[in-house]
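Here are my notes for you, in numbered points. Have the sequence and the 3D view open as you read.

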Amino acid sequence: NCRAFAQVLLFFALSCQAAATYAPVPAKEDFLGCLMKEIPARLLYAKSSPDYPTVLAQTIRNSRWSTQQNVKPLYIITPTNASHIQSAVVCGRRHGVRLRVRSGGHDYEGLSYRSEKPETFAVVDLNKMRAVVVDGYARTAWVESGAQLGELYYAIAKNSPVLAFPAGVCPSIGVGGNFAGGGFGMLLRKYGIAAENVIDVKVVDPDGKLLDKSSMSADHFWAVRGGGGESFGIVVSWQVKLMPVPPTVTVFKIPKTVQEGAVDLVNKWQLVGPALPGDLMIRVIAAGNTATFEALYLGTCKTLTPLMSSQFPELGMNPYHCNEMPWIKSVPFIHLGKQAGLDDLLNRNNTFKPFAEYKSDYVYQPFPKPVWEQIFGWLAKPGAGIMIMDPYGATISATPEAATPFPHRQGVLFNIQYVNYWFAEPAGAAPLQWSKDIYNFMEPYVSKNPRQAYANYRDIDLGRNEVVNDISTYSSGKVWGEKYFKSNFQRLAITKGKVDPQDYFRNEQSIPPLIEKY
């Protein structure tokens, strides 16, 4: 029987001996056999398949999670339609194999494709599910979770140059993860986050049923739009409402060194940036001794210049700084620079795979000027990373905290993302120490009780779930969960308790089920 099974699976190069290496043979055979009844073999990769390492590595963006000590999936399933995902869930439930879900691979802690502790799991990799269907007349689009943001933006602009969507800055981010955790970019002040502009979803629940807004509870629909990926089922596709943009937008990037007054300028920006009209977003990237002011304005240079002169004259912005273009061209321009083109939005060849560490903060009170001086001191230290600061205010801050799971709203001046890259594993000690040290230094100046963080800038240092009796505990989840979701965490956990009470969809930072006792 064992030999016959192995022959059936020759194209997996899966011998009985190999099977025994990875897991008890019966459980594996049952799960794989179950999958093969419903999913074509060419879409399944066992650990022993020659293509497995390539498929796994394809969208690993952080080389820290490629190393041998990371626990890898037993199988990778690459569905091409919703029924394959449903089968994977049914087979996984039946045979005790958990599923993790990867769309673009940008999970900062790699939890969409690795486990910190030994665990029997498979990965549903949505790389082959990336259709985008735009209805320009209705100003809506359906997009599958495996599409990258750049592919969504490109499809929208191809349909209409005066429609856009407010999601992340980086074009290679997967739609599934970005929307699930909130999703914001250069349109956040005009149109808020991606999740609040989602009007329908198709999601496979923990029973393998395919639901949409009309067949799921209001709480479940609320939770999948900003409550983080993984916890509430597998979102196959999202229907979004598209937003108007003018035919011409204006972009500028103005770098200022400390010697050129960067400290005074950032000190002023922290008050001006969040108070500007919603049509103007000016973010700051602080690296070394330089602060670069990057702006997207929904209008022409002719109207931007006087606005800057009246609101932020200290920056010295003038028509020479203007780059006018259609909105779609602003996406690669902001992310990659002047030389970037629309082809860069569709690029799936992921060659930039640094070792990386990320953290985040929210700021409600302006920093005293000496703190900015100290920050630039930190940015000059050995192992220093960079700080990306996005101003809030306008639309993102006007939405009530409870409207979506994403709670960072009224009163936020800006958020901070601390980013640190290095390019060889042994070189990580200094960057990791710097990240920890600057995060500790910033504590008195950022949000408190809880110290907030953005769910899509996942940070495992904020806390990990503890599993007791095969279910993640609410008390352990609350430690990190209230930092991402504030008081919305409890509603998310109660919803999880109704949707997935047995905690099938889980990882180290998934929402734990809170079962209400009546």
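Why do α16 and α17 count as oblique to each other? Point 2 has the answer.

1. Some ground rules first. The model is predicted, and local features need pLDDT of at least 70, side-chain atom pairs count only at pLDDT 80 or more, while totals for chains, interfaces and linings use all residues. Residues are numbered from 1 along each chain as its sequence is written, and side-chain values use heavy atoms, with hydrogens and water left out.

2. Back to that pair of helices. Helix α16 covers residues 474-485 and helix α17 covers residues 488-499; their axes come within 8 Å and cross at roughly 130°. Helices (H or I, at least four residues) and strands (E, at least two) are DSSP runs, numbered from the N terminus. Axes are lines fitted to C-alpha atoms, for helices over the stretch in contact, and angles run from 0 to 180 degrees between N-to-C directions. Angles under 35 degrees count as roughly parallel, over 145 as roughly antiparallel, 65 to 115 as roughly perpendicular and the rest as oblique. So α16 and α17 are oblique to each other.

3. Now look at what touches what. On the α16 side you'll find Y474, G477, K478, W480, G481, E482 and F485, which meet N488, F489, Q490, L492 and A493 in α17. This contact has six nonpolar, four polar and two charged residues. Contact means heavy atoms within 4.5 Å. For the classes, Ala, Val, Leu, Ile, Met, Phe, Trp, Tyr, Cys and Pro count as nonpolar, Asp, Glu, Lys and Arg as charged, and the others, Gly among them, as polar.

4. Y153, Y154 and A157 in α6 meet W327, I328 and V331 in α12. By class, that contact of α6 with α12 has six nonpolar, no polar and no charged residues.

5. On a 1 Å grid over the protein atoms alone, a cavity is a set of points where a 1.4 Å probe fits but cannot get out, and a pocket is an open set with protein on both sides within 12 Å along at least five of seven lines; lining residues have an atom within 4 Å of a point. Grid points are joined across faces, edges and corners, and a volume is the space filled by probe spheres set on the points. Searching the whole structure turns up three cavities of 30 Å³ or more. The largest cavity holds about 110 Å³ of space, and its lining includes Y153, W327 and V331. Helix α12 (residues 327-336) gives the largest share of that lining, four residues. The lining of the largest cavity counts ten nonpolar, two polar and no charged residues.

6. Which residues lie nearest the centre of the second largest pocket? They are K117, E119, N465, V467 and E508, out of 15 lining residues. The volume of the second largest pocket is about 310 Å³. Its lining splits into two nonpolar, three polar and ten charged residues.

7. One more helix pair: α10 (residues 262-272) and α13 (residues 369-379) pack at an angle of about 125°, with their axes 9 Å apart. α10 and α13 are therefore oblique to each other. In α10, the residues A262, V263, D264, V266, N267 and Q270 meet K369, W372, E373 and F376 in α13. Sorted by class, this contact of α10 with α13 has five nonpolar, two polar and three charged residues.

8. A cis peptide bond joins N449 and P450, with omega about 0°, and P450 sits in the loop between α15 (429-442) and β19 (467-468). E230 isn't a glycine, yet its phi is positive, near 85°; E230 is in the loop between α9 (218-224) and β10 (234-241).
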